[in-house]
Amino acid sequence: KEGKEEEFAALTAKVAELQSELKIAKQSTEQIKEEKEGKEEKVAALTAKVAELQAELIINSQSMAQEKEGKEEEVAALAAKVAELHAELEIATQSTVQVAELQAELKIAKQSMVQEKEGKEEEVAALTAK
């Protein structure tokens, strides 16, 4: 009978030990499950953040492209204005040259008229003296 009681006690102890190990295993399993869920939540959050950043990147790229187009249009408009001003400058330069030429011709004409007048006065004086 004592052998059976010892065997029963040993089996009871073994069952208690196995129950304890089972409890620990269940807790570990639950902890691993919670960690896994936590990691899945982190992965989902990071995936959402990556998607958000990609969307921002696309928006920024489009915005930069639009700004670049705007700058190119601005540069083209300024280049056209510069060309227009160059043309106006060329016309003004030609006009200045023409005015200078006309002034020179006018001076020559005045000198000729003065000389002719002096010649006529000499002629009149000569005729008057006769």
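The protein chain has a radius of gyration of 55 Å, whereas a compact globule of 130 residues would have one near 14 Å. The radius is taken over C-alpha atoms, and the globule rule is 2.2 Å times the number of residues to the power 0.38. The model is predicted: local features need pLDDT of at least 70 and side-chain atom pairs count only at pLDDT 80 or more, while totals for chains, interfaces and linings use all residues. Residues are numbered from 1 along each chain as its sequence is written, and side-chain values use heavy atoms, with hydrogens and water left out.

The outline of the chain comes next. Along the principal axes, the C-alpha atoms of the protein chain fill a box of roughly 190 × 15 × 10 Å. How many helices and strands does the protein chain have? There is one helix and there are zero strands; both are DSSP runs numbered from the N terminus, helices being H or I of at least four residues and strands E of at least two. Helix H1 covers residues 2-129.

Two pairs of C-alpha atoms give distances within this chain.

What share of the 130 residues counts as buried? The share is 0%, where buried means under 20% relative accessible area, exposed over 50%, and partly exposed in between (1.4 Å probe, protein chains only). Asn-60 is partly exposed at 45% relative accessibility, and Ala-92 is partly exposed at 38%. The accessible surface of the protein chain comes to about 12,100 Å², and 61% of that belongs to carbon and sulfur atoms. These areas come from the Shrake-Rupley method with a 1.4 Å probe; for residues, only the protein chains shown count as cover.

Charge is the next topic. The protein chain carries 18 positive and 29 negative side chains, and the centres of the two sets lie 4 Å apart. Lys and Arg count as positive and Asp and Glu as negative, with His and the chain ends not counted. Each charge is placed at NZ of Lys, CZ of Arg, CG of Asp or CD of Glu.

Which residues gather in a patch of negative charge on the surface? They are Glu-30, Glu-34, Glu-35, Glu-37, Glu-40 and Glu-41. Such a patch is made of residues with over 30% relative accessible area and no salt bridge, like charges being joined within 9 Å. Glu-30 lies in helix H1 and is partly exposed, with a relative accessible area of 40%.

Finally, the salt bridges: a side-chain nitrogen of Lys or Arg must be within 4 Å of a carboxyl oxygen of Asp or Glu. By this rule there are two. In one, Lys-49 pairs with Glu-52, their closest N and O atoms being 3.9 Å apart. Lys-49 and Glu-52 are three residues apart in helix H1, so about one helical turn separates them. Lys-49 is partly exposed at 42% relative accessible area, and Glu-52 is partly exposed at 41%.

The side chains of Lys-81 and Glu-84 also meet in a salt bridge, at 3.9 Å from N to O. Both residues lie in helix H1, three residues apart, about one turn of the helix. Lys-81 has a relative accessible area of 43% and Glu-84 one of 41%.

Key
Patch = residues over 30% accessible without salt bridge, like charges linked within 9 Å, V, L, I, M, F, W, Y side chains within 5 Å.
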